[in-house]
Amino acid sequence: MGVMSGNFTEDLRFSKLLAREFSNRQSAISEIINLETILTLPRGTEHFVSDIHGEHEAFIHILNNCSGVIREQIRVIFDGELDDHGQEELRTLVYYPREKLERIHAHGLATDEWYQVNLYNLVRLARWIAGKYTRSKVRKSMPREYAYILDELMHATRDEEKVRHEYHQSILRSIVGTGAQDDFVEALATLIKRLAVDRLHVVGDIYDRGPHADRIIHDLKNHPSVDIQWGNHDIAWMGAACGSLACICSIVRTCVRYDTLDILESAYGISLRKLALFADATYRHDDAVAPMEKAIDVILFKVEGQTFRRHPDWRLSSHRLLLDKMDLARGVVNVNETEWPLSTTDFPTVDPKDPFALSPEEEELLHGIAQAFGESGRLHRHISFFYERGSLYLVRDGNLLFHGCIPMAKDGSFSRVMCNGELLSGRAYMDFCDHVARRAWSQGDQDALDWMYYLWCGAHSPLSGRVVKTFERAFVPDKAAWEEPRNPYYELSNDERVCERILAEFGLAGPTCRIINGHTPVKASSGESPVRANGRKLVIDGGFCKAYHKKTGIAGYTLVSGSHDMRIKAHRPFDGIDSALDDNADIMSESDVICRYDHQVLVAETDRGDDIRERIEDLSHLVAAYREGLIVEKYD
């Protein structure tokens with residue numbers, strides 16, 4: 001704790017700011033001791049998931065069972081003491097305490113003895129899981145209303161527990177005697193789940209397909225430690241909330257096409273009644289494409305055309321704008337010099353002289369939908385959460401996390417993309433995309449809003465990484481026209497040397513550094529592995545969404561990184577909450593160890609350890625300033 005060094009004026013200015021939090025030497029020294037102690041603790045367990053796609057029920061069960069960690073810990077602690085049924089009952093009580101208690105009461109099992117036994121078992125489980133954390137962190141994780149009692153029950157060594165066993169039992173009897181037992185069961189279950197996973201990483205695509213992305217976001221907002229790497233479907237919703245008309249049309253089209261209108265109308269209060277009325281009055285009902293779907297398709301392709309024309313540098317106008325390449329008399333569309341038969345020629349609002357101009361009715365309709373998006377308070381709170389906790393990519397503890405790809409050319413070089421007059425590639429391009437997405441939210445200028453749509457479906461979007469064939473999928477029945485060429489990244493990055501080059505671009509080097517991807521479902525049933533490039537790339541999209549279960553053969557992955565090893569868990573389909581409550585059904589998971597560490601990894605060896613050491617240095621400067629009289633100490 002020597003004298004201040006470096007830029008003396010800057011150091012002193014920062015120390016004065018820090019003095020508002022630590023007003024004297026004793027408080028600063030106490031914090032230094034606390035931080036130095038944290039460095040010696042085992043690293044907390046981190047979980048990585050991706051591509052949840054609105055499957056709320058399955059995802060929440062994964063959160064509740066902590067990707068199988070609760071099951072494993074109960075087996076370790078109570079093996080030989082509780083039989084399989086007893087362990088199942090305890091697990092379900094942790095997962096769904098309130099709902100399980102309702103069933104316990106309904107079956108007349110909620111005796112004082114039942115509570116005494118189960119409360120004590122929950123305390124033991126909580127103590128075990130809390131073992132790698134400081135008392136301060138455990139205390140902060142406790143539900144506030146029972147923090148004092150929990151603190152008394154939690155912190156006892158094995159020897160102390162023998163001595164204080166009757167004291168703890170008397171506390172539990174008092175809890176039951178005062179009628180607080182149900183609340184206390186729920187408080188313990190909450191504490192156990194909070195401590196079982198130190199940090200949750202969601203590697204993109206909370207939205208789309210499944211019906212309840214809004215509920216997932218609501219639950220994630222209450223999670224104590226979570227970050228999000230934006231996915232292509234997330235960025236479309238973010239763009240819509242920012243005011244991008246193209247993103248709004250795309251979101252509405254997806255909800256109409258996959259019959260997930262509830263998330264717009266019920267969850268976010270965005271009515272599509274006027275769209276339905278317009279569609280019924282405008283389009284034929286005996287056509288191959290349903291009126292409502294066609295109405296939003298046409299509006300989307302018009303707005304998309306206007307967007308692409310504003311950005312000739314994207315080089316999309318020539319082959320992705322197709323309304324002007326339809327020959328309705330012959331019933332074909334020309335795509336890259338190939339003619340494809342159309343499934344419909346009923347386009348009454350498309351003016352051959354100006355195909356991308358909205359009709360007055362379409363203009364009014366789109367304005368009303370955009371206004372509804374802008375006025376949805378719940379949607380804006382959810383998207384604000386995406387910006388607060390999210391980013392395009394994350395570098396953490398030797399891992400590079402991003403949803404889609406780092407755009408690359410066929411020769412393995414990073415694609416050079418024109419970004420407002422400057423060619424960017426690799427990390428610089430990723431940083432630009434992150435910045436422009438934040439600008440769309442904070443400023444909402446047209447250029448940034450247009451880029452949000454490009455990030456959703458542009459050929460060199462790092463979130464998509466493919467040529468999106470929305471028009472063909474809407475109006476061309478021949479599926480040969482639907483093929484969407486992928487960026488070379490997806491094949492090239494299966495090579496360990498390419499992964500090393502990508503990691504180096506983000507300042508990562510060494511055999512333990514990895515890319516963690518989502519976006520492309522792993523066909524486990526066909527023998528595909530989530531582990532690629534000799535372990536340098538992990539693809540963790542295992543198909544949470546029910547629509548992908550047949551394709552993947554599983555129902556999602558969780559990557560689990562602890563202090564002893566890194567494992568990937570393949571989850572089987574979830575039968576539902578009722579099955580979990582009535583039959584103690586759980587999501588069964590198969591675990592594969594990716595690597596075992598040669599020693600238990602401590603906090604000191606992580607990025608958080610680096611942050612803590614910086615904090616210790618800052619506090620040491622403050623202590624020196626107090627000692628030398630440069631800052632006056634204050635005592636309450």
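Predicted model: local features only at pLDDT ≥ 70, side-chain atom pairs only at ≥ 80, totals over all residues.
In helix α3, the buried residues are H56, A58, F59, I60, H61, I62, L63 and N64. Just after α3 comes C66, with a positive phi of about 50°.

Let me stay with F59. What does F59 touch, leaving out residues up to four places away in sequence? The list is V49, I52, L200, I216, L220 and F544. F59 is also one of the residues with the most contacts inside the largest nonpolar core, together with I206, Y207, W237, V252, F373 and I502. That core has 124 residues. Another core, of 46 residues, lies apart from it; I70, L122, V123 and I129 are among its members.

Now the strands. β1, residues 46-49, pairs with β2, residues 199-202, in the parallel sense, over four bridges. Within that pairing, F48 has H201 of β2 as its bridge partner. On to β3, residues 226-229: β2 pairs with β3 over three bridges, again parallel. Here H201 stands opposite D227 of β3.

How does the chain cross from β2 to β3? The path goes through helix α12, residues 213-221, and this β-α-β crossover is right-handed.

Notes:
Residues numbered from 1 in each chain as written. Heavy atoms only, no water. Core = buried A, V, L, I, M, F, W, Y, C linked by side-chain atoms within 4.5 Å. Buried < 20%, exposed > 50% of the residue type's maximum accessible area, 1.4 Å probe, protein only. Contact = heavy atoms within 4.5 Å. Helix = DSSP H or I, 4+ residues; strand = E, 2+ residues; numbered from the N terminus. Pairing = 2+ DSSP bridges. Right-handed = clockwise from strand over helix to strand, strands pointing away.
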